[in-house]
Amino acid sequence: MSGSNNAIAVLGHWVRSRVAAIGYFTRFFGAMLARSGIALSRPRLVSQQVHFIGNYSLLIIAVSGMFVGFVLGLQGYYTLNRYGSEEALGLLVALSLVRELGPVVTALLFAGRAGTSLTAEIGLMKAGEQLSAMEVMAVDPIRRVLVPRLWGGIIAMPILAAVFSMVGILGGWVVGVLLIGVDAGAFWSQMQNGVDVWKDVANGVIKSVVFGVTVTLVALYEGWQAKPTPEGVARATTRTVVMGSLAVLGLDFLLTALMFGN
Amino acid sequence: MPAQSSSTPEFALRLEGVALGYGDFTVLRDISMDVRAGQVVAVMGGSGSGKTTLLRAATGQITAQQGRVLAFDQDIGQTSSTGLQSLRKRMGVLFQQGALFTDLNVFENVAFPLREHTKIDEAELTDRVLDKLDAVGLRAAAHLKVSEISGGMARRVALARAVVLEPELILYDEPFAGLDPISLGITARLIRNLADRLGCASVLITHDVQESFAIADQVYLVGRGTLAAAGTPQTLAASQDPYVQQFLKGQPDGPVAFQYPETPAFQKWLSQQKGRKA
């Protein structure tokens, strides 16, 4: 009897702590939104972060985009060739990238590269008493440190996703047109006809903005919550990748269902 | 441009029968002290005696469990968060580890309070920051990254940052730790000069007897969880109190045990440790 009571108590504690964490996370997001005026009053703080965060991830995203484009070109050609419709390769590559792979893979890479850097930076600032020092100087660290990074991430993500899709399409073109010999005119004209600015491109951009908010918020939250020790910061960076990636994949399913359903 | 208030209060900092601690644990109790404008006050005590806790109470980072902490005649425990922010703007704090912002260079670290709290133009800002860096001997290090300077230099930069707004109350947490003898002497003189020139109140949290006795007007000695002694450096030096004598002369024997006391938890751990097979 006491064993089952104990199990219920453990479950209850787990549920309560999860609910409390969700509440804290929501309040944390609310606190940043409420202080977002600094992004307008001091835009330089945000542009610096766009520059840093973008630089962290640009190379890995461009290289990954190229290889994903190569693979899409190859796999797309093998499948479309069976049905004699290889001229639709450009459309397949572009839609796959713009709708799904661009925003999702960029967000996953962003979580691993820029997200971990943000978590470690905030965690180490906390460990080095930098955030306390700021508070004592009557400067709100959420407003001064976190808000510019959040907006930096939100702005950088769609740009990086666009770079990923662009390089990916070029990769698909290199494999499909240059190496395999698909007709270049068909490759580009099918893409031009089949990709809709609003339904495909804009929805892809919306996805990348949502992922930008999610991944950056998770990264900042984990850094802010990290225990100010080397182990605490190391665990927080791992959690950023795990939680950020899972959130992106879950949200992608939800957004795809909402955006592309009939 | 010192951040002076319209009416200068008599006490920059005042503690009235204060008890301080974390959660249910009380570190210091029954602490009363006054710091007037222009005064240099040293708060001394052994490691772990609660000196830094005292500083955290003065900045409003922790609230008193009992008694009142008054900064510029305002009760920190009762003031609103906006009120606390405006009180903090009149203070400068030197943190124990410097707490320099690692994403900014030396110049931007010192410029940080000016950029956040004033609207002065870039030329004046540059002059003021370089002037403060010059006072700590690091004018030519303005362009360096925080990762490129030594620990002692970082503390001097942090000192320049703490005083750049020329606040009315400056709190120094271990300002002499980790400094070479030359920097130590210069820093001590700088603290005294700032107090004399700006008329600011200064609180030194330290255990460096020689340097702090040379510049302090008043010394408070904390130990055994309370205020062990208070007075001018001369009075304390002449005190016959065994705790004061032991602390000032650094003697191993006296009321303060050098050895950490043995606890049942330690005894249990020791017996387990001895029972372990290699």
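The model is predicted: local features need pLDDT of at least 70, side-chain atom pairs count only at pLDDT 80 or more, and totals for chains, interfaces and linings use all residues. Residues are numbered from 1 along each chain as its sequence is written, while chains are lettered from A and ligands numbered from 1 in the order in which they are written.

Reader: What makes A:Glu121 buried or exposed?
Author: The count of neighbours decides. A residue is buried if 20 or more other C-beta atoms lie within 10 Å of its own, exposed if 12 or fewer, and partly exposed in between, with C-beta atoms placed from the backbone. A:Glu121 has 20 other C-beta atoms within 10 Å, so A:Glu121 is buried. A:Glu121 sits in helix H4 (residues 89-127) of chain A. A:Ala219 is 98 residues away in sequence, yet 10.0 Å away in space, C-alpha to C-alpha.

Reader: How many residues of chain A are buried, as a percentage?
Author: Of the 262 residues in chain A, 42% are buried.

Reader: How many helices and strands does chain A have, and what counts as one?
Author: Helices (H or I, at least four residues) and strands (E, at least two) are DSSP runs, numbered from the N terminus. Chain A has nine helices and zero strands. From the N terminus on, its elements read α-α-α-α-α-α-α-α-α. The C-alpha atoms fill a box of roughly 65 × 60 × 35 Å along the principal axes.

Reader: How do you know which residues of chain A and chain B are in contact?
Author: Two residues are in contact if their C-beta atoms, placed from the backbone, lie within 7 Å. Ten residues of chain A are in contact with 13 residues of chain B. Helix H5 (residues 130-136) of chain A gives the most to chain A's side, with four residues. By class, that side has six nonpolar, three polar and one charged residues. Here Ala, Val, Leu, Ile, Met, Phe, Trp, Tyr, Cys and Pro count as nonpolar, Asp, Glu, Lys and Arg as charged, and the others, Gly among them, as polar.

Reader: Why do E1(B) and E2(B) count as a pair?
Author: Two strands pair if DSSP finds at least two bridges between them. E1(B) and E2(B) have eight bridges, so they pair, in the antiparallel sense. B:Gly21 stands opposite B:Thr26 in E2(B). The two strands form a hairpin with two residues between them, and B:Gly23 in the turn has a positive phi of about 65°.

Reader: Why do E2 and E5 of chain B stand at the edges?
Author: The open sheet of four strands has the order E2-E1-E4-E5 (chain B), with antiparallel pairing. E2 (25-36) and E5 (74-75) each have a single partner strand, so one side of each is left without a neighbour in the sheet. Further in, five bridges join E1(B) to E4(B).

Reader: What makes H1(B) mostly covered?
Author: Seven of its eight residues are buried. Among them are B:Leu54, B:Leu55 and B:Ala58. After H1(B) comes B:Gly60, with a positive phi near 80°.
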